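Thanks, everyone. Please have the viewer open.

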Amino acid sequence: MMAALLLRRDKKSTAAHLKSDLNRTDNSSGVRQLQELLDSVLNPEKPPADTEALDWCKCLIAGEEGFEEFCKTVRSYDNATLCGLVWTANFVAYRCRTCGISPCMSLCAECFNNGDHTGHDFNMFRSQAGGACDCGDSNVMRETGFCRRHRLRTGENVPSVPRDLLLMSEMVLPRFIICIIQYLRDGYTEPDTSAERDLQKVLQQLEPQITFLEELTKMGGAMRTVLTKILTNQQTFKDLSMGQEENVFAKKNYENYLSALKNSGLVSVEEKAQTGAAEPTRGSETGALGLLGAAAPSSSESNKEEDQDGQSIGQRKRVKLSSSTKDPSIMDSLKHKCFLEELLFWTIKYEFPQKMVTFLLNMLPDQDYKITFTKTFVQHYAFIMKTLMKSQESDTMSNRIVHISVQLFSNEDLARHVTEECQLLDIMVTVLLYMMESCLIKSELQDEENSRHVVVNCSEALLKNNTYWPLVSDFINILSHQSVAKKFLEDHSLLMLWMSFVSFFQGMNLNKRELSEHVEFESQTYYAAFAAELEACAQPMWGLLTHCKVKETQEYTKTVVRYCLETLQIWFDAIGFVDELAPNQVTFHLPLHRYYAMFLSKAVKCQGLDLESLLPDQEMLMRIMVHPLQIQASLSEIHSNMWVRNGLQIKGQAMTYVQSHFCNSMIDPDIFLLQVCASRLDPDYFISSVFERFKVVDLLTMASVHQNTALDGEQERPMLEGALTFLVILSSLRIHLGMADDEILRAEMVSQLCMNDRTHSSLLDLIPENPNPKSGIVPGSCSFEEMLSAVADFKAPVFELGGSMQQGMYTPKAEVWEKEFDPIMVILRTVYRRDVQSAMDRYSAFLKQSGMHTTGNPWPPYKERTPLHPCYKGLDRLLHCKTLHIVIFTLLYKIWLDHSNMSEHVLCMVLYLIELGLDNQVEEDKGDEEPCIEEHCHDSWFPGTNLLSNLHHVINYVRVRVPETAPEVKREREPPASTSAEASNFGQNVREAQVFSLVAERRRKFQEIINRSSTEASQAVRPKSSSTRWVPPGTPPQLVTEILEIHESMLSLLIKLHQKLSAKQNSLSATWLEDMDANPNRHAHGDGITAIERILTKAATRSHQSKRSIQEICGKVFPPVAPKKNSPTAKKTMDKEERRQRARERQQKLLAEFASRQKSFMETAMDVESPDTEAAMDLGASEVKESEVLYDCVICGQSGPSTEDRPTGLVVLLQASSVLGHRCKSDEAKKLPTTDEERIYPADTCGAAHDVRLALMQSFFKDSSCLQSVSIGWDGGVYVQTCGHTLHIDCHKSYMESLRNDQVMQGFSVDKGEFTCPLCRQFANSVLPCRPGRSTEVVSWHMPSNKKTSVLVKEVEDLQEQLGFFPTESNLSKEMELVIKDIKNTTQRKYMDYGKNPGSPDNDFLFMYSVARTNLELELVHRGGNLCSGGASGAAKRSCLNQLFHVLAMHMRLYSIDSAYNPWTRLTQVAPSRDNCLDDERPDVPMLFRDCPSLLIIFVLTMPQPLRKEHFICLVRMLYNLQYTQALAALSAKFSPEERQAWSTSGTLKKNAFNAEKSYEALLSHVITELSKVKTVYDVNTDEPSMLSSSVWSPQSIEYSLQQFCLPYLRLSCLLQHHLYGDNLSGCPEEEEFSGLAGCLGLLDPAPQPSNPMYSASCLDWTVSAFDLMSQWCSEVTGLADTQAEKSMTLLVQDLQWASPHLLHLPDNYNTIFQYYHKKACTACKKVPKDPALCLVCGTFVCLKGLCCKQHGICECVWHSQHCGAATGIFLLINASVIIIIRGHRFCLWGSVYLDAHGEEDRDLRRGKPLFLCVERYRVLEQQWVSHTFDHINKRWGPHYNGL
Ligand SMILES: [Zn+2]
Ligand SMILES: [Zn+2]
Ligand SMILES: [Zn+2]
Ligand SMILES: [Zn+2]
Ligand SMILES: [Zn+2]
Ligand SMILES: [Zn+2]
Ligand SMILES: [Zn+2]
Ligand SMILES: [Zn+2]
């Protein structure tokens, strides 16, 4: 009742009233009233969309003051010392590695910019998952990095909060929150019960309420405390959450809540009971099948339960489940004790709505809350996993989860706290395990039928979509804390649990080699598999390893190693592996092996543990080596194309396995593990295993023919190479065997740089992360940068001709090539085979350049190795075993005899092995080796195991078994004997008999083959020989034993190979060894000959016997070079080879020529700045003086004149351009604004000034006259460009037709007439017809004339009176009209219509002559704004201006100037004062207002063609008079009245002098007098300009000013003359430009004018009285009506000088631009664009691709390009730092003008390092813009469909 009353009252006053009631000592009535009010206001049965309740709450909380005011007050009590700003995805934040303690540390832009990070390793980044600012949190970052605000600890100075301020909040908010919770409860429906999930709908309705909560959290510490207290108070929760039994609604939705809770556990109560009953009925097979989670997802839970007791599933499963049950609470359903818990619960259920997440995160600066929240989060962890797996939007949800968890787990104290109190580690591992269990399948590795091993199924969504990553990344995150990691490593049951988790990935994604058919469908599961191993297995491993670096942690390592071995043992048992590998299978995933390997490595390297104590017995070692070895063999098989039928994906796996992000977690541990095995196992066994795995055993016979049961012929050579290369890698790689971390980093860097020059970022990416983290603080380790500068030189970004841009590159230093280039490391690290070649090419280029090796191709250099760590010494025995030596001997022999399938690579690797053996001697330890010697047949080959002594051992006879002939085949088919016999051979340990059976089997097979080629003597020695007992399955029995006579030693074979390679007999003289000693260094680099010499020298210096034997062999005279057997065929192949080679060379030469021709065309076309370089293509006019000009057609290749019938045309590109219009007065570029204060004013551009001038004229004068007094085309004028190539127009038409039919995608649109020049491929869109030219005319044009000027003036007048001559209709004239149409279509209508009657002939006339003007002006701009640099006449021919003028003139003939208004008369005659002003008509534009260059062009174009040069000169002269007078008038306007008076007076005196008409003083005085006749002219602006120019005018400054005024006219005239008559432009110093040009135009005597520098007046040439004519012109101005006269000064003082066009001036640091523009709102749509862009021409800010600013179907960027640049736009994409160019309907990515400290672009700001303006690149961009060459230089254009 009370409430009803209150409800009716005004909210504000109610609030005030209640507040005062509550403040009383007895506040019971107030409390009651408030409760009643809230009961009725906060009724959850009302729809949440009704915001009345929300309004009430706001008012109640705020009290009498408004809510806004209340917020302010509360904020003033903010005592927070942390920033804690929470952001969501896409927010721009910073990370400083120098300041960060946790790698996850991040800062908001404000805190970053207010902190001091100079010189720190920081970067900007775009948040992926969202985050929060860590400023002020010393757990996460160093205090030095805090910003000013958070360093000051503001909290200490803040007054405490007055009690009553938040009283209402404390009372209202609990009710408000429970209300929200009730909505959430009510809105939730189990997804499977209702068809439609309307969670989103519920959330949408709740949006205002949640937003309100979020707002509250932003009010600072005071309000946060209130909120966190409410959220964590258990009593409040208990009272409000369920204490409303009487309310039906509340009861219903409480039940809803309970049912939702029930499903929250991993195992629900019902299921537990159920499965207990169901268990016995399940058989063992179904149990296993039940694991196929995918098949039966709904029952997966019950299956899991069953596993618990099931006998069926492998041991490990039992292990895992028994240990996970130790803490049932992890799997139980949840119970909530406070609001926070339930809120988080619903947040998860509703799949992490963004607002809720930020609400919960915003309170984290409150430390107590943070702890409670973390605990709550951990408590819900299993539930989160469950929800995540069910979610449809797992990506979004993953991001939101990590957004939260990163905040909680990055803090070590907190992580440790929850680990201790809430069993965080148990929870995480269990949850991960459960997650993976949902997608297990039976492993098919080894034994498809009986395998008991289970692996993850990589095609499941969980793996394919990487759904597990948030959980894995949390796990990695907490393991990064030492204290937490220790807990993990100390807990054995956790470790076991983790190992069983890892074993789920062991052997996943099994590949089976396809032998018959190509796979139908290439599975892409390998991505998932590699990602899973890296993220779920390797990353946690690296995390754990960082804590096992010191002696003190030995125990941890021992434990891990023990569990690894145990789990491996279980795995071998489960897959049923005994000794033989199932054929044609390979998996790249052996995480258990790799865990074992890496912990071993760390134990030896860092913890000083004895390797022996960590190794298993020999049997286990032999098993362990099998799978990694199989991967190495498979790599070779894959590269030998034996897996082609499996598709491309198998190559993908091979490449990923060695790729930089994977190699240190995959191939490196594998190689290391094999090295460990090799160092401990019998070397003969190991070597023979390798050759067997590589399937090349059959190949290793000395017979010339052999059979291979395993390989096709073409696979033998690559597989043999692979096996040998692998052995070289195995015995020389030291990454885990003794290299220090710095050495590893150096070797990695060198190998990457040797493959290719690298940018800093790509190098960073290519260097494996471990053991040297590339970033972050690793005390004591050499930094990446230091190392880089030690091994590489920086090559600054340079430009290649043609505009392609390079980035800054690092290239190896010379001494690196000389001393450190390691081909073995390169081979290990190459993903693409071509990289090895590339490294070798670069190496040989270096040797050539430095003169170290100049002939032929060098061999990979031999490199000495870091000494082995003592633990691994055994590895060297590999190089000193008889088996290897037999192989080496056999191969040397076969190479010498040119047997098939031998290659240089094989020899190279064999030599490498020999040299490695020589350099790595084994201390003779007879005890080990001796016992076996007698037992093995191959011992008859060599007496001992030492390579040095075996080298000179001579083998005399060898028995080989060859196929065909001879029937005597002994078949002794005894069954394989019991293994005991062999076992005793090794004899140490009878218990291991089993193992030795494995050895015996493998070895027997190998021996069997080796023995086919055993020496004769061996037959006798061979004891109960095992060789013949074992017959390989496919071996045909008809092999025949033969005895070969050999009589060679390895040394003699080496010497023979030396002769063979050098193609000289006796290449080594008997005494060469002595010569050798003198200079040992010359052997470091060279070819095979050098390598052999080096080996022989080493052998000789290390053994006297070898030395003697070498000398002996060399002393012998050999029969003329070795075997000549197959020389005829060799010769034949050689010939063939040679011929092919020659043909290839010829072809390449041709191609190169063509390329250079094309290139020079390109250069010519682009070369606008230096016209003096002679064109490669000359149209030939200058040579063919006497006859017609001939043109080559680039399509049909014919050459001929252009005729009326069959015209030829120039390939041209027409484009609209506003470059001229964007010029400014100032030569300095405008600055791009980067603050709100800065602005760009467009009014002072050339285009705008001309628009204003024309508009001003049009407001006073006759329109048609105005349109002849100016030029347009400053904005949107048409620029015509040619590559200089010509073609028949009919040929062009058929060419276009063929393009149209061409189906191939082109970068241009044929329908718009676009094509590329058939010769030079330059972009073009029209053809400009060539004038049929006769060179006789050229001569007559040049005829010097002695006619008097007055005669010429008359002639010109007559010519102008001639009627328009209409050419006869011909193909040529048609084409000319067509190109005119093209020109008009090139630009937009608005750039053509300036008249009052759009489309009128006057307009057309103006547009046409302005096209000529535009092209002349642009040429001037390209020449640098003046004509001082000169230019030969040849340059004119590359320009198409001459042809363009002709076409325009033909078109202009259609118009004639009404003789009554012909300006010529007014220019040359003193007319009787004409009654100019008819009443109704506006006057003509006075001559003094007219633009002289425009008039010149008009005259030239409208007179009959060809125009004689004398007439042209006459035009120039007469117009110069006018121009000069205009200059005088403009000058006089700049004078102060006094000065004007003075000059007027002084000049009058000279009027009567001789030559007064050529005296500037007299003329100036006359102009002043004439213009002063009407007061208004000078009166208008008496104040301003005169006041400004305080300086006094001198004769010199007057002359200078006059010259400057006339120069633009002279330049244009001169340029026109150059194009029309082919005159050379003579260069001159800039200060003499005026006289130079005047001389060139014949205005001035070309002879130098020594005494008088005042020549501007002497160029005048009057045909009538100058004073009269000037009076007439001035009277036109003074005769105007007053209003018009007022503006006349503006029109008189026109400024004709424009600076060269510039793009905006950009700041040096990109951050300046980015910070201002990335959050700036668009002026059009008022929103912050998603993709903001900036016009670099005018600074306009636009929404790229934004629908918000789209108009008429055109997005803003394209729209702007049309208006700002007449369809050319240059935009800087703010968020990408990249520039895009829009040209018409196409666009391209140009690149970036901002580079980082390493000279690299950072597209999309991915690295976020500071970027700086590359001035040179920006200059190139500007130059391409000014020269209109975007189309030609940039290649990758695409259509934009108006969507940018
Ligand atoms: Zn901050
Ligand atoms: Zn801060
Ligand atoms: Zn810093
Ligand atoms: Zn042709
Ligand atoms: Zn061309
Ligand atoms: Zn613009
Ligand atoms: Zn916009
Ligand atoms: Zn917009």
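Let me begin with a strand pair: strand 2 and strand 4, residues 122-126, run antiparallel to each other and are joined by five bridges. This is a predicted model, so please keep that in mind throughout. Within that pair, A93 sits opposite F125 of strand 4. Strand 2 also pairs with strand 3, residues 107-108, again in the antiparallel sense, over two bridges. There, Y94 has L107 of strand 3 as its bridge partner. How much of strand 2 is buried? Strand 2 covers residues 92-96, and four of its five residues are buried, so to speak mostly covered.

For context, some totals. The protein chain has 78 helices and 28 strands. Of its 1844 residues, 57% are buried. Among contacts in the chain with a separation of 6 or more, 79% are between residues 24 or more positions apart.

Now the second sheet. In general, the strands of a sheet pair through backbone hydrogen bonds, in parallel or antiparallel fashion. Here, six strands make an open sheet with antiparallel pairing, and the order is 22-21-23-24-25-28. Which strands stand at the edges? They are strand 22, 1741-1743, and strand 28, 1838-1839; each has a single partner strand, so one side of each has no neighbour in the sheet.

Further in, strand 24, residues 1778-1783, pairs with strand 25, residues 1786-1791, antiparallel and over five bridges. One of the residues to look at is I1780, whose bridge partner in strand 25 is L1789. Helix 77, residues 1815-1826, packs on this sheet and touches strand 23 (1768-1773), strand 24 and strand 25. The direction of helix 77 makes about 155° with that of strand 25.

Last part: a single side chain. R1253 is located in helix 55, which spans residues 1246-1260. Is R1253 buried or exposed? R1253 is buried, and yet it has no salt bridge. The nearest side chain of opposite charge is D1491, at 6.8 Å, whereas the cut-off for a salt bridge is 4 Å. What does lie close to a polar atom of the R1253 side chain is a backbone atom: the oxygen of F1489, 3.0 Å away. Setting aside neighbours within four places in sequence, R1253 is in contact with F1489, T1690, L1691 and Q1694.

Conventions. Residues are numbered from 1 along each chain as its sequence is written. Chains are lettered from A and ligands numbered from 1 in the order in which they are written. This is a predicted model: local features need pLDDT of at least 70, side-chain atom pairs count only at pLDDT 80 or more; totals for chains, interfaces and linings use all residues. Side-chain values use heavy atoms; hydrogens and water are left out. Buried means under 20% relative accessible area, exposed over 50%, partly exposed in between (1.4 Å probe, protein chains only). Lys and Arg count as positive and Asp and Glu as negative; His and the chain ends are not counted. A polar contact is a pair of N or O atoms within 3.5 Å; within protein, one must be able to donate a hydrogen and the other to accept it, and residues adjacent in sequence count only if both atoms are side-chain atoms. Contact means heavy atoms within 4.5 Å. Two strands pair if DSSP finds at least two bridges between them. Axes are lines fitted to C-alpha atoms, for helices over the stretch in contact, and angles run from 0 to 180 degrees between N-to-C directions.
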